[in-house]
Amino acid sequence: MKKRDQKLQDMFVDWFRGSSPYIHAHRGRTFVITFGGEAVTGSGFDNLIHDIALLHGLGIRLVLVHGARPQIEERLQTRGVETQFVDGLRITDDPALTCVKEAAGAARVEIEALLSMGLANSPMAGVRIRAASGNFVTARPLGVKDGIDYGHTGVVRRVDAAGIEQRLESGAIAIVPPLGYSPTGEVFNLSYADVAASVATALGADKLIALVEAKGVTDSRKRLITSLSPREVDKLLTTRKKLSEDLKQNLKAAVSACRSGVKRCHLIDRQLDGGLLKELFTRDGIGTLISAEPYEETRTARIDDVVGLLGLIEPLEEKGILVRRSRELIETEIDRFTLMERDGMVVACAALYPYQQESMAELACVVVHPEYRGSDRGERLLAHMEAVAAKQGIRNLFILTTQSAQWFKERGYLPGTLKELPMLKRKLYNYQRKSKVFIKSL
(Lines give C-alpha, C1' and ligand atoms only; values in the text may rest on other atoms or scores of the structure.)
Protein backbone atom coordinates (compact mmCIF):
# COMPACT_ATOMS: atom_id res chain seq x y z
CA MET A 1 0.00 0.00 0.00
CA LYS A 2 1.29 3.46 -0.90
CA LYS A 3 2.27 5.75 1.96
CA ARG A 4 -0.26 8.35 0.80
CA ASP A 5 -3.11 5.81 0.85
CA GLN A 6 -2.01 4.60 4.28
CA LYS A 7 -1.94 8.18 5.57
CA LEU A 8 -5.45 8.83 4.25
CA GLN A 9 -6.72 5.66 5.89
CA ASP A 10 -5.08 6.63 9.18
CA MET A 11 -6.68 10.09 8.97
CA PHE A 12 -10.06 8.46 8.39
CA VAL A 13 -9.60 6.18 11.40
CA ASP A 14 -8.59 9.15 13.60
CA TRP A 15 -11.59 11.17 12.42
CA PHE A 16 -14.00 8.28 12.89
CA ARG A 17 -12.75 7.62 16.40
CA GLY A 18 -12.90 11.31 17.18
CA SER A 19 -16.51 11.50 16.00
CA SER A 20 -17.68 8.60 18.18
CA PRO A 21 -18.53 10.75 21.25
CA TYR A 22 -20.84 12.82 19.05
CA ILE A 23 -22.43 9.76 17.45
CA HIS A 24 -23.35 8.52 20.92
CA ALA A 25 -24.38 11.97 22.16
CA HIS A 26 -26.66 12.73 19.19
CA ARG A 27 -28.51 9.39 19.07
CA GLY A 28 -32.16 9.84 19.98
CA ARG A 29 -31.91 13.65 19.94
CA THR A 30 -34.24 15.91 18.01
CA PHE A 31 -32.70 18.26 15.46
CA VAL A 32 -34.61 20.81 13.39
CA ILE A 33 -32.72 21.49 10.14
CA THR A 34 -33.77 24.44 8.04
CA PHE A 35 -32.69 25.69 4.62
CA GLY A 36 -33.97 28.05 1.97
CA GLY A 37 -35.38 27.20 -1.42
CA GLU A 38 -31.98 28.06 -2.89
CA ALA A 39 -30.59 24.90 -1.32
CA VAL A 40 -33.28 22.79 -3.01
CA THR A 41 -32.31 24.09 -6.45
CA GLY A 42 -28.56 24.14 -5.73
CA SER A 43 -26.09 21.73 -7.27
CA GLY A 44 -25.09 20.20 -3.92
CA PHE A 45 -28.57 19.35 -2.69
CA ASP A 46 -28.17 15.64 -3.42
CA ASN A 47 -25.17 15.50 -1.10
CA LEU A 48 -27.06 17.39 1.60
CA ILE A 49 -29.90 14.87 1.45
CA HIS A 50 -27.34 12.04 1.65
CA ASP A 51 -25.93 13.63 4.81
CA ILE A 52 -29.43 14.04 6.25
CA ALA A 53 -30.11 10.37 5.51
CA LEU A 54 -26.90 9.48 7.34
CA LEU A 55 -28.00 11.46 10.41
CA HIS A 56 -31.31 9.62 10.32
CA GLY A 57 -29.45 6.32 10.10
CA LEU A 58 -27.46 7.26 13.22
CA GLY A 59 -30.68 7.51 15.20
CA ILE A 60 -31.21 11.27 15.14
CA ARG A 61 -34.82 12.44 15.00
CA LEU A 62 -35.06 14.98 12.19
CA VAL A 63 -37.48 17.73 11.24
CA LEU A 64 -36.76 19.56 7.97
CA VAL A 65 -38.14 23.07 7.51
CA HIS A 66 -37.60 24.43 4.02
CA GLY A 67 -38.09 27.73 2.24
CA ALA A 68 -39.25 28.31 -1.31
CA ARG A 69 -38.33 31.87 -2.28
CA PRO A 70 -36.65 31.17 -5.68
CA GLN A 71 -39.41 28.73 -6.57
CA ILE A 72 -41.97 31.42 -5.75
CA GLU A 73 -40.07 34.03 -7.77
CA GLU A 74 -40.00 31.75 -10.80
CA ARG A 75 -43.76 31.30 -10.73
CA LEU A 76 -44.41 35.00 -10.16
CA GLN A 77 -42.32 35.89 -13.20
CA THR A 78 -44.10 33.32 -15.34
CA ARG A 79 -47.46 34.86 -14.41
CA GLY A 80 -46.22 38.45 -14.57
CA VAL A 81 -47.05 39.05 -10.91
CA GLU A 82 -45.02 41.60 -8.96
CA THR A 83 -44.65 41.63 -5.18
CA GLN A 84 -42.84 43.74 -2.62
CA PHE A 85 -40.72 42.92 0.40
CA VAL A 86 -40.84 44.89 3.64
CA ASP A 87 -38.44 43.97 6.48
CA GLY A 88 -37.62 40.74 4.69
CA LEU A 89 -41.25 39.62 4.39
CA ARG A 90 -43.18 39.32 1.16
CA ILE A 91 -46.50 41.13 0.81
CA THR A 92 -48.67 38.24 -0.37
CA ASP A 93 -51.80 39.10 -2.38
CA ASP A 94 -54.17 36.54 -3.94
CA PRO A 95 -52.13 35.86 -7.14
CA ALA A 96 -48.92 35.64 -5.10
CA LEU A 97 -50.51 33.16 -2.68
CA THR A 98 -51.28 30.81 -5.56
CA CYS A 99 -47.60 30.88 -6.51
CA VAL A 100 -46.55 30.38 -2.88
CA LYS A 101 -48.68 27.24 -2.51
CA GLU A 102 -47.44 25.78 -5.79
CA ALA A 103 -43.78 26.53 -4.97
CA ALA A 104 -43.93 25.15 -1.43
CA GLY A 105 -45.56 21.98 -2.70
CA ALA A 106 -42.97 21.54 -5.45
CA ALA A 107 -40.07 22.02 -3.02
CA ARG A 108 -41.55 19.51 -0.59
CA VAL A 109 -42.03 16.91 -3.34
CA GLU A 110 -38.43 17.39 -4.49
CA ILE A 111 -37.18 16.73 -0.94
CA GLU A 112 -39.39 13.66 -0.57
CA ALA A 113 -38.20 12.31 -3.93
CA LEU A 114 -34.53 12.57 -2.96
CA LEU A 115 -35.20 10.97 0.43
CA SER A 116 -36.88 8.09 -1.40
CA MET A 117 -33.86 7.24 -3.56
CA GLY A 118 -32.34 3.81 -3.11
CA LEU A 119 -30.07 3.36 -6.10
CA ALA A 120 -27.27 0.83 -5.88
CA ASN A 121 -23.73 2.27 -5.76
CA SER A 122 -25.01 5.49 -4.20
CA PRO A 123 -24.97 6.79 -0.60
CA MET A 124 -28.72 6.06 -0.44
CA ALA A 125 -28.36 2.39 -1.38
CA GLY A 126 -30.53 0.25 0.87
CA VAL A 127 -31.94 3.23 2.73
CA ARG A 128 -35.64 3.18 3.54
CA ILE A 129 -36.72 6.58 4.76
CA ARG A 130 -40.31 7.62 5.25
CA ALA A 131 -41.03 11.34 4.97
CA ALA A 132 -44.11 12.82 6.60
CA SER A 133 -45.60 16.26 6.10
CA GLY A 134 -48.89 17.84 7.15
CA ASN A 135 -50.73 20.83 8.49
CA PHE A 136 -48.55 21.09 11.58
CA VAL A 137 -48.52 24.89 11.78
CA THR A 138 -51.49 27.05 12.72
CA ALA A 139 -51.01 30.68 11.68
CA ARG A 140 -52.70 34.03 11.75
CA PRO A 141 -52.40 36.99 9.36
CA LEU A 142 -49.67 39.50 10.05
CA GLY A 143 -52.30 42.09 9.17
CA VAL A 144 -51.61 45.79 8.75
CA LYS A 145 -48.29 46.93 10.19
CA ASP A 146 -47.01 50.50 9.96
CA GLY A 147 -49.73 51.21 7.42
CA ILE A 148 -48.82 48.24 5.20
CA ASP A 149 -51.28 45.42 4.58
CA TYR A 150 -49.29 42.19 4.29
CA GLY A 151 -52.24 40.28 2.81
CA HIS A 152 -51.79 36.51 3.12
CA THR A 153 -48.43 36.79 4.85
CA GLY A 154 -48.78 35.36 8.31
CA VAL A 155 -47.02 34.52 11.56
CA VAL A 156 -46.95 31.27 13.49
CA ARG A 157 -49.69 30.96 16.07
CA ARG A 158 -49.25 27.38 17.21
CA VAL A 159 -47.29 24.24 16.27
CA ASP A 160 -48.81 20.77 16.52
CA ALA A 161 -45.88 19.32 18.45
CA ALA A 162 -47.78 16.13 19.27
CA GLY A 163 -48.45 15.51 15.59
CA ILE A 164 -44.79 15.95 14.68
CA GLU A 165 -43.69 13.79 17.61
CA GLN A 166 -45.99 11.03 16.39
CA ARG A 167 -44.27 11.06 12.99
CA LEU A 168 -40.82 11.06 14.59
CA GLU A 169 -41.69 8.18 16.92
CA SER A 170 -42.77 6.15 13.91
CA GLY A 171 -39.26 6.58 12.46
CA ALA A 172 -40.13 9.15 9.79
CA ILE A 173 -38.41 12.42 8.91
CA ALA A 174 -40.93 15.22 9.32
CA ILE A 175 -41.04 17.89 6.61
CA VAL A 176 -42.59 21.26 7.42
CA PRO A 177 -43.17 23.75 4.56
CA PRO A 178 -43.28 27.55 5.03
CA LEU A 179 -47.07 27.52 5.15
CA GLY A 180 -49.56 27.95 7.98
CA TYR A 181 -53.26 27.27 8.23
CA SER A 182 -56.09 28.91 10.12
CA PRO A 183 -59.08 27.20 11.77
CA THR A 184 -61.22 28.82 9.06
CA GLY A 185 -59.26 27.12 6.27
CA GLU A 186 -57.07 30.03 5.17
CA VAL A 187 -53.48 29.50 4.03
CA PHE A 188 -50.67 31.88 4.98
CA ASN A 189 -47.19 32.47 3.57
CA LEU A 190 -44.69 32.25 6.44
CA SER A 191 -41.01 32.97 6.98
CA TYR A 192 -39.31 29.58 6.95
CA ALA A 193 -36.81 30.79 9.58
CA ASP A 194 -39.70 31.77 11.87
CA VAL A 195 -41.37 28.39 11.29
CA ALA A 196 -38.13 26.57 12.11
CA ALA A 197 -37.67 28.47 15.38
CA SER A 198 -41.29 27.88 16.37
CA VAL A 199 -41.09 24.15 15.57
CA ALA A 200 -37.79 23.76 17.47
CA THR A 201 -39.27 25.56 20.47
CA ALA A 202 -42.51 23.57 20.47
CA LEU A 203 -40.63 20.26 20.26
CA GLY A 204 -38.02 21.25 22.83
CA ALA A 205 -35.48 20.33 20.15
CA ASP A 206 -31.88 19.74 21.11
CA LYS A 207 -30.61 21.73 18.13
CA LEU A 208 -31.82 24.15 15.50
CA ILE A 209 -29.49 24.02 12.49
CA ALA A 210 -29.80 26.67 9.78
CA LEU A 211 -28.03 26.18 6.44
CA VAL A 212 -27.64 29.77 5.30
CA GLU A 213 -26.78 31.32 1.95
CA ALA A 214 -24.13 33.64 3.38
CA LYS A 215 -20.58 32.55 4.18
CA GLY A 216 -21.63 32.46 7.81
CA VAL A 217 -21.33 35.01 10.59
CA THR A 218 -18.02 36.83 10.26
CA ASP A 219 -16.25 39.66 12.08
CA SER A 220 -15.02 42.93 10.59
CA ARG A 221 -12.00 41.11 9.11
CA LYS A 222 -14.19 38.49 7.40
CA ARG A 223 -13.13 35.80 9.88
CA LEU A 224 -15.75 33.29 10.97
CA ILE A 225 -17.24 33.92 14.41
CA THR A 226 -17.48 30.46 15.93
CA SER A 227 -19.74 31.17 18.88
CA LEU A 228 -22.14 33.89 20.02
CA SER A 229 -24.55 34.46 22.87
CA PRO A 230 -28.06 35.79 22.19
CA ARG A 231 -27.01 39.16 23.60
CA GLU A 232 -24.05 39.31 21.23
CA VAL A 233 -26.35 38.53 18.30
CA ASP A 234 -28.63 41.39 19.36
CA LYS A 235 -25.67 43.74 19.24
CA LEU A 236 -24.54 42.34 15.89
CA LEU A 237 -27.96 42.89 14.34
CA THR A 238 -27.97 46.47 15.59
CA THR A 239 -24.46 47.46 14.54
CA ARG A 240 -23.94 45.50 11.29
CA LYS A 241 -25.80 47.09 8.40
CA LYS A 242 -24.60 44.84 5.57
CA LEU A 243 -25.92 41.48 6.75
CA SER A 244 -27.85 39.59 4.09
CA GLU A 245 -31.59 39.28 4.64
CA ASP A 246 -31.32 35.50 4.82
CA LEU A 247 -28.66 35.73 7.53
CA LYS A 248 -30.64 38.34 9.48
CA GLN A 249 -33.79 36.21 9.50
CA ASN A 250 -31.92 33.12 10.63
CA LEU A 251 -30.01 34.99 13.33
CA LYS A 252 -33.26 36.40 14.71
CA ALA A 253 -34.83 32.95 14.60
CA ALA A 254 -31.86 31.39 16.38
CA VAL A 255 -31.99 33.97 19.18
CA SER A 256 -35.74 33.47 19.56
CA ALA A 257 -35.27 29.70 19.80
CA CYS A 258 -32.39 30.05 22.28
CA ARG A 259 -34.42 32.28 24.55
CA SER A 260 -37.30 29.83 24.37
CA GLY A 261 -35.35 26.83 25.58
CA VAL A 262 -33.48 25.43 22.56
CA LYS A 263 -29.98 24.88 23.92
CA ARG A 264 -27.96 25.18 20.72
CA CYS A 265 -28.51 26.80 17.36
CA HIS A 266 -26.02 26.40 14.52
CA LEU A 267 -25.61 28.55 11.40
CA ILE A 268 -23.68 26.84 8.59
CA ASP A 269 -22.77 27.93 5.08
CA ARG A 270 -24.93 25.52 3.09
CA GLN A 271 -22.54 25.62 0.12
CA LEU A 272 -19.81 23.87 2.13
CA ASP A 273 -19.98 20.25 1.03
CA GLY A 274 -20.34 18.07 4.11
CA GLY A 275 -20.76 21.13 6.33
CA LEU A 276 -23.56 19.52 8.31
CA LEU A 277 -21.39 16.53 9.22
CA LYS A 278 -18.34 18.66 10.02
CA GLU A 279 -20.39 20.87 12.32
CA LEU A 280 -21.99 17.98 14.20
CA PHE A 281 -19.16 15.47 14.43
CA THR A 282 -16.05 17.58 15.09
CA ARG A 283 -15.34 19.48 18.27
CA ASP A 284 -14.76 22.89 16.67
CA GLY A 285 -17.23 22.55 13.80
CA ILE A 286 -17.22 24.87 10.79
CA GLY A 287 -20.16 27.16 11.55
CA THR A 288 -21.38 29.62 14.18
CA LEU A 289 -22.91 28.31 17.39
CA ILE A 290 -25.47 30.42 19.21
CA SER A 291 -26.07 29.18 22.71
CA ALA A 292 -27.60 30.52 25.89
CA GLU A 293 -25.13 28.36 27.80
CA PRO A 294 -21.39 28.97 27.41
CA TYR A 295 -19.84 26.76 24.75
CA GLU A 296 -16.45 27.43 26.29
CA GLU A 297 -15.95 28.54 29.86
CA THR A 298 -13.23 29.00 32.45
CA ARG A 299 -14.17 27.59 35.85
CA THR A 300 -12.91 25.90 39.01
CA ALA A 301 -12.38 22.18 38.53
CA ARG A 302 -14.74 19.63 40.08
CA ILE A 303 -14.11 16.05 41.16
CA ASP A 304 -15.71 14.72 37.96
CA ASP A 305 -13.09 16.64 35.95
CA VAL A 306 -10.22 14.45 37.21
CA VAL A 307 -10.25 12.15 34.18
CA GLY A 308 -10.19 15.11 31.79
CA LEU A 309 -7.32 16.75 33.70
CA LEU A 310 -5.30 13.53 33.69
CA GLY A 311 -5.80 13.17 29.94
CA LEU A 312 -4.47 16.70 29.46
CA ILE A 313 -1.40 16.58 31.70
CA GLU A 314 -0.20 12.96 31.46
CA PRO A 315 1.45 13.38 28.00
CA LEU A 316 3.56 16.24 29.42
CA GLU A 317 4.41 14.22 32.52
CA GLU A 318 5.67 11.41 30.31
CA LYS A 319 7.95 13.88 28.53
CA GLY A 320 9.28 15.17 31.84
CA ILE A 321 7.85 18.66 31.28
CA LEU A 322 5.54 18.39 34.29
CA VAL A 323 6.02 16.75 37.69
CA ARG A 324 4.00 13.55 37.93
CA ARG A 325 0.76 13.80 39.87
CA SER A 326 -1.19 10.72 40.86
CA ARG A 327 -4.93 10.53 40.43
CA GLU A 328 -5.29 10.52 44.21
CA LEU A 329 -3.24 13.71 44.54
CA ILE A 330 -5.29 15.51 41.88
CA GLU A 331 -8.51 14.39 43.60
CA THR A 332 -7.19 15.79 46.89
CA GLU A 333 -6.10 19.08 45.28
CA ILE A 334 -8.95 19.43 42.79
CA ASP A 335 -10.06 22.78 44.22
CA ARG A 336 -6.63 24.20 43.36
CA PHE A 337 -7.22 23.64 39.64
CA THR A 338 -8.89 25.98 37.16
CA LEU A 339 -9.78 24.69 33.72
CA MET A 340 -11.01 25.82 30.34
CA GLU A 341 -13.77 23.55 29.08
CA ARG A 342 -14.89 23.53 25.45
CA ASP A 343 -17.99 21.52 24.61
CA GLY A 344 -17.34 19.12 27.49
CA MET A 345 -13.60 18.74 26.83
CA VAL A 346 -10.86 20.11 29.10
CA VAL A 347 -8.67 22.14 26.73
CA ALA A 348 -6.50 23.99 29.26
CA CYS A 349 -5.76 23.98 32.98
CA ALA A 350 -3.64 25.59 35.69
CA ALA A 351 -3.29 25.17 39.45
CA LEU A 352 -2.70 27.78 42.16
CA TYR A 353 -0.98 26.98 45.48
CA PRO A 354 -1.06 29.97 47.87
CA TYR A 355 1.49 30.65 50.60
CA GLN A 356 -0.48 33.26 52.51
CA GLN A 357 2.16 34.02 55.13
CA GLU A 358 4.57 35.27 52.43
CA SER A 359 1.75 36.70 50.23
CA MET A 360 3.04 34.45 47.45
CA ALA A 361 1.52 31.71 45.34
CA GLU A 362 2.84 29.08 42.96
CA LEU A 363 1.29 28.83 39.53
CA ALA A 364 1.67 25.22 38.43
CA CYS A 365 0.53 22.73 35.83
CA VAL A 366 -0.19 25.34 33.13
CA VAL A 367 -1.23 23.24 30.14
CA VAL A 368 -3.05 23.89 26.85
CA HIS A 369 -4.24 20.98 24.73
CA PRO A 370 -2.04 20.53 21.62
CA GLU A 371 -4.96 21.18 19.26
CA TYR A 372 -5.59 24.58 20.87
CA ARG A 373 -2.05 25.91 21.15
CA GLY A 374 -1.46 28.92 18.97
CA SER A 375 -4.73 30.46 20.13
CA ASP A 376 -4.94 32.98 22.96
CA ARG A 377 -6.16 30.44 25.53
CA GLY A 378 -2.83 30.31 27.36
CA GLU A 379 -2.79 34.10 27.75
CA ARG A 380 -6.42 34.19 28.85
CA LEU A 381 -5.92 31.43 31.39
CA LEU A 382 -2.78 33.10 32.74
CA ALA A 383 -4.61 36.43 33.11
CA HIS A 384 -7.46 34.67 34.88
CA MET A 385 -5.12 32.95 37.34
CA GLU A 386 -3.30 36.21 38.06
CA ALA A 387 -6.63 37.91 38.76
CA VAL A 388 -7.66 35.08 41.11
CA ALA A 389 -4.34 35.35 42.96
CA ALA A 390 -4.64 39.13 43.29
CA LYS A 391 -8.12 38.78 44.82
CA GLN A 392 -6.63 36.45 47.42
CA GLY A 393 -4.15 39.13 48.46
CA ILE A 394 -1.21 37.49 46.69
CA ARG A 395 1.51 40.02 45.82
CA ASN A 396 3.95 37.76 44.01
CA LEU A 397 3.27 34.80 41.74
CA PHE A 398 6.05 32.31 40.98
CA ILE A 399 6.49 29.39 38.65
CA LEU A 400 9.01 26.55 38.39
CA THR A 401 9.70 25.42 34.85
CA THR A 402 12.18 23.34 32.89
CA GLN A 403 11.09 24.02 29.30
CA SER A 404 8.62 26.94 29.26
CA ALA A 405 10.84 29.72 30.58
CA GLN A 406 10.67 31.85 27.43
CA TRP A 407 6.87 31.79 27.31
CA PHE A 408 6.61 33.09 30.87
CA LYS A 409 9.39 35.65 30.37
CA GLU A 410 7.46 37.11 27.44
CA ARG A 411 4.51 37.58 29.79
CA GLY A 412 6.25 39.54 32.48
CA TYR A 413 7.81 36.83 34.67
CA LEU A 414 11.37 37.64 35.76
CA PRO A 415 14.14 35.21 36.71
CA GLY A 416 14.26 34.54 40.45
CA THR A 417 16.22 32.47 42.91
CA LEU A 418 15.35 29.61 45.20
CA LYS A 419 15.98 31.87 48.20
CA GLU A 420 13.09 34.12 47.14
CA LEU A 421 10.55 31.28 47.42
CA PRO A 422 8.53 30.49 50.55
CA MET A 423 10.41 28.30 53.05
CA LEU A 424 8.02 25.37 52.67
CA LYS A 425 8.48 25.39 48.88
CA ARG A 426 12.25 25.51 49.24
CA LYS A 427 12.13 22.36 51.35
CA LEU A 428 10.15 20.57 48.63
CA TYR A 429 12.33 21.74 45.74
CA ASN A 430 13.46 18.88 43.47
CA TYR A 431 17.17 19.43 42.81
CA GLN A 432 17.24 16.64 40.21
CA ARG A 433 14.81 18.50 37.91
CA LYS A 434 16.76 21.76 38.25
CA SER A 435 13.64 23.81 37.52
CA LYS A 436 14.17 27.52 36.89
CA VAL A 437 12.38 30.06 39.07
CA PHE A 438 10.39 32.96 37.63
CA ILE A 439 8.48 35.53 39.66
CA LYS A 440 5.94 38.20 38.76
CA SER A 441 4.70 41.01 40.99
CA LEU A 442 0.94 41.46 40.80
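**Aromatic pairs, sheets and salt bridges in a predicted model**

A search of the whole structure finds five aromatic pairs. Rings of Phe, Tyr and Trp (its six-membered ring) pair if their centres lie within 6.5 Å; planes under 30 degrees apart count as stacked, over 60 as edge-to-face and the rest as tilted. Phenylalanine 35 and phenylalanine 45 form an edge-to-face pair, because their ring centres are 5.7 Å apart and their planes stand at 65°. Phenylalanine 35 lies in strand E1 and phenylalanine 45 in helix H3 (residues 45–57), so the pair ties together parts that are ten residues apart in sequence. Helices (H or I, at least four residues) and strands (E, at least two) are DSSP runs, numbered from the N terminus.

The model is predicted: local features need pLDDT of at least 70, side-chain atom pairs count only at pLDDT 80 or more, and totals for chains, interfaces and linings use all residues. Residues are numbered from 1 along each chain as its sequence is written, and side-chain values use heavy atoms, with hydrogens and water left out.

Eight strands form an open sheet with mixed pairing, in the order E5-E10-E2-E1-E13-E15-E16-E14. Two strands pair if DSSP finds at least two bridges between them. Strand E5 (131–133) and strand E14 (227–228) are the edges; each has a single partner strand, so one side of each is left without a neighbour in the sheet. E5 runs parallel to strand E10 (residues 173–176), joined by three bridges. Serine 133 has isoleucine 175 of E10 as its bridge partner. Helix H7 (residues 192–203) packs on this sheet. H7 touches strand E1 (30–35), strand E2 (61–66), E10 and strand E13 (207–212). Contact means heavy atoms within 4.5 Å. The direction of H7 makes about 175° with that of E1. Axes are lines fitted to C-alpha atoms, for helices over the stretch in contact, and angles run from 0 to 180 degrees between N-to-C directions.

A second open sheet has seven strands in the order E17-E18-E19-E20-E21-E23-E22, again with mixed pairing. Strand E17 (296–300) and strand E22 (414–415) each have a single partner strand, so one side of each is left without a neighbour in the sheet. Seven bridges pair strand E19 (residues 345–355) with strand E20 (residues 360–368) in the antiparallel sense. Tyrosine 355 stands opposite methionine 360 in E20. Helix H11 (residues 306–318) lies across strand E18 (337–342), E19 and E20, at about 80° to E19.

The count of salt bridges (a side-chain nitrogen of Lys or Arg within 4 Å of a carboxyl oxygen of Asp or Glu) comes to 24. One joins aspartate 206 and arginine 29, with the closest N and O atoms 3.7 Å apart. Aspartate 206 is in the loop between H7 and E13, and arginine 29 in the loop between H1 and E1, 177 residues apart.
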